[in-house]
Amino acid sequence: MNPKKISYIFKQAFKSMWRNRMMGIASIGSVTAVLIILGFVLIIVLNVNNMAMVAKETFDQIAVYIAEGVEEKQIEEMGNSFRQIDGVLGVAFQTKDYALESVKEDWGEDAILLQDLRNNPFPDTYIVQLSDVSKSDEVIAKLETFEGVDRVRYYQDAVNTLIKLSDFVKRFGAAIIIVLLLISVFIISNTIKITVLSRQREIELMQYIGATNGYVRGPFILEGVMLGLLGSVVAILLIMLGYNYSINYLAGRYVALISGMSGYLVGVEMVINDLIIIFMTIGIGIGILGSLVSLKKFLSI
Amino acid sequence: MIEFNNVTKIYKKTFTAVKDINLKIDNGEFIFIVGKSGAGKSTLIKLLLREISPSQGIITYNNQDINKIRKRSVAEYRRHIGFIFQDYRLLPKMTVYENIAFAMEMICCQAKNIRREVPLVLSMVGLSDKAKYYPDELSGGEQQRVAIARAIINKPETVIADEPTGNLDTETSKEIMKILSEVNRRGTTVIMATHDREIVNHFQRRVVELKNGIIIRDIKAGGYSDEPKED
């Protein structure tokens, strides 16, 4: 490509973008909308997956909550019995007082909220360490049969729920995104159509002269690319600001109540690079596709 | 050399625009394609430009079947042909000079070639002093001269003109014809579709006459058909 050709292509593309700026804004908006929704879905999936991963680290532990009012001696016996169960590596006891203290510690200044508690709401707890995660179901079944056991909590459930949730978000998101992608391609192809029609005489002439494809199609493809690219840049900025804001909001306001939540969330800086690449690729892709659809329809000579 | 062999074009399976066309045009010829509107002149030109494909038959250009040219190479094929429209088709936002330079730029010529060639062509069509004018500041005849300059700037082997004098008065038409003759004299094949009886009779060149899509006459040098009520 010679510089003259490149400058011609750029000049034409910018000119027609300016001439059809309202349609251009609509196109950019549609690309932005698609990408923001895509961003939402990606971020939710990423975070849910991350939560599942973090939860998995506590995979091999089962929390056994002891019912209120069980004698200390019985508790001790329970512990001994737990150790005998096949698949259990070890057992650790956590008193309700210890549980309260550790929560207070986690909450820091907000722990003041807990001072008015008349009763300690936390149960005494046995943490049962599994030697083999695959035996978790059997172990849980056995643990639940003990008298004095209030509830058995195992993170596998949480993990499974999270994985299901992320699957659902993925599928639902994919469906929406496909529909929106098609809409965007359609809107861009319409924008390009306007340009094609407004330059029809010139294009016809170019085709009679025997202009290379680059000259004929270049400006339109470039226009599509720019529209897609602008849409993706807007989407990236909005997602970055929005996500950052949400994380800070959650962390600043609810850090105590959902203690440890921040560890479950994926930071903006972790995703932004991938997001930029994905968004720009999709944005440009939509733009090119939109142009090609239009060109195929209207450049027939 | 251009050859039509038994070329038929049927539109939408029902309307036969041209039928069994056999036509051979040698390099350097000047040929009028005449006939009433609807006789098939435009179809013939579109076929030759490979804007449309024949329903039957073969069209060859320098022994190459033009309908076997790949789509992406059509642009290259068209560079052999300079095309002149009845309505000039100049780009209104470009000056005379730019309109002509545009045709060179489109097929990638170096700037210094453009600066050298455009003035030469402008002087050939007699518009050296109008280089900086815009099309709407020119008369119809002048606009058509610009269009001719644009058609020949890339030195095509063949020039096709579709009713180039259709919008012009007799005097101006003669000027246009003079230029086309000069183009032809320099070795370019000129194919001109027209229904301008006066011009055809005046120039006495090869005439191919179409009627209802069929060639009814092909004479080496002569005038329009003698049927007085043809028009």
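Colleague: From which helix does the largest share of the lining of the second largest pocket come?

Modeller: That would be helix 1 of chain A, with 7 residues. Before going on: this is a predicted model, so local features need pLDDT of at least 70 and side-chain atom pairs pLDDT 80 or more, while totals for chains, interfaces and linings use all residues. Residues are numbered from 1 along each chain as written, chains are lettered from A and ligands numbered from 1 in written order, and side-chain values use heavy atoms, without hydrogens and water.

Back to the pocket (on a 1 Å grid over the protein atoms alone, an open set of points with protein on both sides within 12 Å along at least five of seven lines). About 640 Å³ of space lies in it, the volume being what probe spheres set on the points fill, with points joined across faces, edges and corners. It is lined by 24 residues, and Gln12(A), Lys15(A), Glu202(A), Leu91(B) and Met94(B) are the closest to the centre; a lining residue has an atom within 4 Å of a point. Two or more lining residues come from each of helix 1 (3-19) and helix 7 of chain A, and helix 3 (96-106) and helix 4 (111-124) of chain B. Helices here are DSSP runs of H or I, at least four residues, and strands are E runs of at least two, numbered from the N terminus. By type, the lining has 11 charged, 9 nonpolar and 4 polar residues (charged: Asp, Glu, Lys and Arg; nonpolar: Ala, Val, Leu, Ile, Met, Phe, Trp, Tyr, Cys and Pro; polar: the others, Gly among them).

Helix 7 of chain A turns up again at the largest cavity, a cavity being a set of points where a 1.4 Å probe fits but cannot get out. There are 4 cavities of 30 Å³ or more, and the largest holds about 130 Å³. Of the 15 lining residues, Ile209(A), Ile81(B), Gly82(B), Phe83(B) and Ala151(B) lie nearest the centre. This lining counts 10 nonpolar, 2 polar and 3 charged residues.

Helix 5 of chain B also carries Arg150(B), which counts as buried because its relative accessibility is 3% (buried is under 20%, exposed over 50%, partly exposed in between, with a 1.4 Å probe and protein chains only). Beyond residues up to four places away in sequence, Arg150(B) touches Leu205(A) and Ile209(A) across in chain A, and its chain B partners include Phe85(B), Tyr88(B) and Arg89(B); contact means heavy atoms within 4.5 Å.

Zooming out, chain B has 7 helices and 10 strands. Of its 231 residues, 55% count as buried. Among its contacts between residues at least 6 apart in sequence, 67% join residues at least 24 apart.
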